[in-house]
Amino acid sequence: DLRSKCAERQKGFGFDPSNLFLATELGGEAGEALNIIKKLERERLGGRGSRSSVTELADELGDVVICVENIAYRYGIDLEEAIRNKFNKTSDKIGSGVKL
């Protein structure tokens with residue numbers, strides 16, 4: 001269970017991260033993922049520059065999900081329920097019958 005393991009691991013950090021800390025951590029991890037996507041796209045387009053890999057992107061996306069879970073926990077949000085509700089609302093909005 002991601003939530004319980006995140007809470008357990010956070011105890012070892014030596015401090016209780018604030019909501020702002022968690023939010024900026026999410027921003028940083030999302031930025032790292034975007035930078036990898038930029039490098040992958042540059043390579044796809046034939047440009048020169050540093051390279052990255054889909055494996056590195058997977059690691060960063062994992063970090064993003066962990067950060068989101070930490071924020072959801074802090075605010076008492078059931079992330080699975082929130083995702084289901086948002087997915088279904090968007091399906092309704094665009095006239096799609098695809099629901100979770």
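This briefing describes helix packing, salt bridges and surface features in one predicted model. Local features are reported where pLDDT is at least 70 and side-chain atom pairs where pLDDT is 80 or more, while totals for chains, interfaces and linings use all residues. Residues are numbered from 1 along each chain as its sequence is written, and side-chain values use heavy atoms, with hydrogens and water left out.

**Helix packing**

- Helix α1 (residues 2-10) packs with helix α3 (residues 54-74) at an angle of about 85°, and their axes are 10 Å apart; helices here are DSSP runs of H or I with at least four residues, numbered from the N terminus.
- The angle makes α1 roughly perpendicular to α3, a word used for angles of 65 to 115 degrees, where axes are lines fitted to C-alpha atoms over the stretch in contact and angles run from 0 to 180 degrees between N-to-C directions.
- On the α1 side the contact (heavy atoms within 4.5 Å) is made by L2, R3, C6, A7, R9 and Q10, and on the α3 side by V65, I66, E69, N70, A72, Y73 and R74.

**Salt bridges**

- The count comes to six salt bridges, each a side-chain nitrogen of Lys or Arg within 4 Å of a carboxyl oxygen of Asp or Glu.
- One of them joins the side chains of E69 and R3 at 2.3 Å, N to O, and this pair links distant parts of the chain, with E69 in helix α3 and R3 in helix α1, 66 residues apart.
- E69 counts as buried at 8% relative accessibility, whereas R3 counts as partly exposed at 25%; buried means under 20% relative accessible area, exposed over 50% and partly exposed in between, with a 1.4 Å probe and protein chains only.
- D16 forms a salt bridge with R74, with the closest N and O atoms 3.3 Å apart, and D16 counts as exposed at 64% relative accessibility, while R74 is partly exposed at 29%.

**Helix α4 and the surface**

- I83, which lies in helix α4 (residues 79-94), counts as partly exposed at 48% relative accessibility.
- Together with F87, V98 and L100, I83 forms a nonpolar surface patch with about 380 Å² of accessible area, as computed by the Shrake-Rupley method with a 1.4 Å probe, only the protein chains shown counting as cover for residues.
- Patches are made of residues with over 30% relative accessible area and no salt bridge, joining like charges within 9 Å and nonpolar side chains (Val, Leu, Ile, Met, Phe, Trp, Tyr) within 5 Å.
- S91 also lies in helix α4, but counts as buried at 5% relative accessibility, and S91 touches S96, V98 and K99, not counting residues up to four places away in sequence.

Notes:
Helices (H or I, at least four residues) and strands (E, at least two) are DSSP runs, numbered from the N terminus. Angles under 35 degrees count as roughly parallel, over 145 as roughly antiparallel, 65 to 115 as roughly perpendicular and the rest as oblique.
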